Amino acid sequence: MCRHGLTCRWTKASRVCRTDWCQQTRAACGSDDTAEKTDTTPSAEPSETAVEEPDEVAATVNQYASIVAKNEADLREQLTTMGECDWSSAGSLDPEPNGIVCAMGLLTLSYGAQAMSVSLEGAQKPDAPGYVGAVPSEIELLVADTIESSTTLAEAAKAANDDRCALTGDGKCMDLRNQTWLAMDDVEGQLDAWGPYTG
């Protein structure tokens, strides 16, 4: 019997007594040497891997030239038709009595110019159906100027049509007619500048 009420534990070698602080024998207490050790070292946080953005696709000059050529034929036809209208008249744009070609042509002209600018803008947007890639530096300024002039014409012709300026040049309609005429001339100049690429 152990002294002072200490419990006894048998081992193969001898009978030993156990206290709360296990000073008689480490084997009898189940020492830290025999206990399974737990690794308390915090695990390293997983590192974030940087995701590289894909390089922008570079388009060719021919790809942009083909976009212009696709819209050019109809737009030039509209410019030619509207060029025969009487832009300086205080009356109808149509030089022929009861003519409707010029009156109907304003909205058609607006649509044609808009198609050109939208096509060139969409060619530069990755999420657009007509995307081809970044504009080559060789024609970067030409593309920007073509978009600007086509947008200006589309807006001017639509404004003139909305205010029924094909029928009269009175009031603000004369100003809207002048804006449309100047925009037509600007677009025609841009189309001519594409000649070396689309010809």
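Student: Is the crossing of α4 and α5 left-handed or right-handed?
Tutor: In a left-handed crossing the near helix is turned anticlockwise from the far one by less than a right angle. α4 and α5 cross in the left-handed sense. Helices here are DSSP runs (H or I, at least four residues), numbered from the N terminus. The model is predicted, with local features needing pLDDT of at least 70 and side-chain atom pairs 80 or more, while totals for chains, interfaces and linings use all residues. Residues are numbered from 1 along each chain, and side-chain values use heavy atoms, without hydrogens and water.

Student: At what angle do α4 and α5 pack?
Tutor: Axes are lines fitted to C-alpha atoms over the stretch in contact, and angles between N-to-C directions run from 0 to 180 degrees. α4 and α5 (residues 173–193) pack at about 150 degrees, with axes 8 Å apart. α4 is therefore roughly antiparallel to α5 (over 145 degrees).

Student: Which residues meet there?
Tutor: Contact means heavy atoms within 4.5 Å. Leu 142, Leu 153 and Ala 160 are among those in α4, and Leu 176, Met 184 and Val 187 among those in α5. By class, this contact has 11 nonpolar, 7 polar and 2 charged residues (charged: Asp, Glu, Lys, Arg; nonpolar: Ala, Val, Leu, Ile, Met, Phe, Trp, Tyr, Cys, Pro; polar: the others).

Student: Which residues line the largest pocket?
Tutor: A pocket is an open set of points on a 1 Å grid where a 1.4 Å probe fits, with protein on both sides within 12 Å along at least five of seven lines; lining residues have an atom within 4 Å of a point. Tyr 111, Gln 114, Glu 155 and Lys 158 are among the lining. α3 (101–122) and α4 (140–162) each give two or more residues, and α3 has the largest share, 6 residues.

Key
Angles under 35 degrees count as roughly parallel, over 145 as roughly antiparallel, 65 to 115 as roughly perpendicular and the rest as oblique.
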